[in-house]
Amino acid sequence: MKGMMKAARKVRREPGLDLVDTPIPEIKPNEVLVKVGATAICGSDIHFYTWDEYAQSRLKPPITLGHEFAGEVVEVGSAVTEYKLGDHVTADSHIVCGKCDVCRMGLQHICQNLKIFGNEVDGSFAQYIAVPETSLWPMAKEISWEIGAIMEPLGGAVQAVLIEPVTAQSVVIYGDGPIALFAAGVARASGARKVYLIGMVPERLEIAKRMGADMVFNISDPIDPVKAIIDDTRVGADVVVEMAGAPASIKNAFATVRKGGRVTTFGLTPKPIEFDINYAITLRQVRVRGVAGRHMWDTWRLVDGLLQSGQLDPCPVITHTLPLAEFDKGFKLITTGSRATGKVLLLPFA
Ligand code: ZN
């Protein structure tokens with residue numbers, strides 16, 4: 001499809017993004033062109049927006065950011081077999097080779113030749129995006145663009161919580177970012193005995209309650225969440241999901257889990273931390289499950305199933321929806337002031 005479109009792009013090696021007119025992407029034979037209905041700001045986009053050290057080492061401008069999106073197929077490459085014009089789709093953020101040893105072991109999402117939309121290839125903060133067929137996920141037409149756009153981060157929450165079953169287990173979530181809030185809902189919908197969430201933004205803790213958390217703790221309150229949860233569970237929590245990435249939070253995660261329990265590490269620390277493995281893991285026989293992204297495609301089936309079950313409603317986490325042109329406002333809502341945000345969505349055609 002020839003023509004120009006609006007896109008929020010990183011064109012300068014400095015903080016911020018620019019809304020620019022840029023050509024509509026030309027698709028390759030294995031790709032479709034998606035007209036973006038909604039796209040969401042991810043925590044990783046914040047690094048690129050603020051242009052921190054990580055961003056400077058990772059990103060090579062000019063590039064269109066964004067990797068959480070949903071939209072309609074408006075052009076189909078000649079080699080595409082499973083999608084047609086008018087299909088509603090979302091996508092995994094990962095573009096995988098499908099051929100390396102890691103892919104062939106069933107771990108495509110950490111492929112040796114991994115590329116990510118908005119990281120190495122142009123992303124979804126645009127009116128149109130070119131997507132390889134192998135990254136697409138079909139969406140039922142009843143699902144809104146808004147929900148479609150958050151299925152990818154919701155998949156991260158599903159992977160982190162359900163990498164082992166949580167039915168009838170006590171589940172603790174450290175963190176109050178959008179994926180942590182989703183995680184509270186996933187644990188609740190999956191039959192957890194009790195769900196606890198520890199955060200620092202009062203508005204987000206209220207969202208956690210709406211998502212199904214039974215008890216929430218603000219780290220700036222005098223009450224010690226570790227002690228409170230150990231008292232409440234008597235032995236410590238069966239499952240702890242660490243999604244804050246703060247050194248204190250990681251230590252508390254291991255202090256909260258019971259002997260023989262599971263800790264999922266998901267949050268990334270800004271730099272390496274020191275940690276006593278003897279007590280935290282070895283002597284107490286704690287299982288550690290690292291989670292990066294989400295398995296393709298079993299977690300997507302779980303996301304679909306949880307949404308269709310009616311047990312999981314992610315809507316409370318979507319707190320702001322803005323036109324793409326107001327992306328700057330969206331980023332500032334997340335990074336400055338009270339940060340009373342959940343997921344912030346951008347609409348390219350609003
Ligand atoms: Zn691969």
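Student: To start from one side chain, what relative accessible area does Arg289 have?

Tutor: This is a predicted model, in which local features need pLDDT of at least 70 and side-chain atom pairs count only at pLDDT 80 or more, whereas totals for chains, interfaces and linings use all residues. Residues are numbered from 1 along each chain as its sequence is written, and side-chain values use heavy atoms, with hydrogens and water left out.

Arg289 has a relative accessible area of 31% and is therefore partly exposed; buried means under 20% relative accessible area, exposed over 50%, and partly exposed in between, with a 1.4 Å probe and protein chains only. Side chains of opposite charge can pair when their charged atoms come close. Arg289 forms a salt bridge with Glu164, with 3.2 Å between the closest N and O atoms; the term requires a side-chain nitrogen of Lys or Arg within 4 Å of a carboxyl oxygen of Asp or Glu. The pair links distant parts of the chain, 125 residues apart: Arg289 belongs to strand E16 (residues 287–290), and Glu164 to the loop between helix H5 (151–162) and strand E11 (170–174). Helices (H or I, at least four residues) and strands (E, at least two) are DSSP runs numbered from the N terminus. Glu164 counts as buried, because its relative accessibility is 15%. Through salt bridges that share partners, Glu164, Arg262, Arg287 and Arg289 form one network.

The whole structure holds 21 salt bridges. Among them is the pair Asp21 and Lys6, at 3.0 Å from N to O. This pair also links distant parts of the chain, with Asp21 in strand E2 (residues 18–23) and Lys6 in strand E1 (residues 4–10), 15 residues apart. Another salt bridge joins Asp87 and Lys84, again at 3.0 Å from N to O. Asp87, at 13% relative accessibility, counts as buried, while Lys84, at 55%, counts as exposed.

The chain is divided into domain 1 (4–150 + 314–347) and domain 2 (157–290), with bounds taken from an automatic or database domain assignment. Their C-alpha centres lie 28 Å apart, and eleven residues of domain 1 are in contact with ten residues of domain 2. Contact means heavy atoms within 4.5 Å.

The largest nonpolar core comprises 46 residues, and Leu154, Ile173, Val186, Leu197 and Met243 have the most contacts inside it. Such a core is a set of buried Ala, Val, Leu, Ile, Met, Phe, Trp, Tyr and Cys residues joined through side-chain atoms within 4.5 Å. Among the elements that each supply at least two residues of this core are H5, E11, helix H6 (178–189) and helix H11 (298–309). H6 gives the largest share, eight residues. Both domain 1 and domain 2 contribute residues, so the core lies between them. Leaving aside neighbours within four places in sequence, Val186 is in contact with Leu154, Ala157, Val158, Val161, Leu162, Leu306 and Leu312. A second, separate core of 19 residues includes Ile46, Ala55, Ile63 and Val344.
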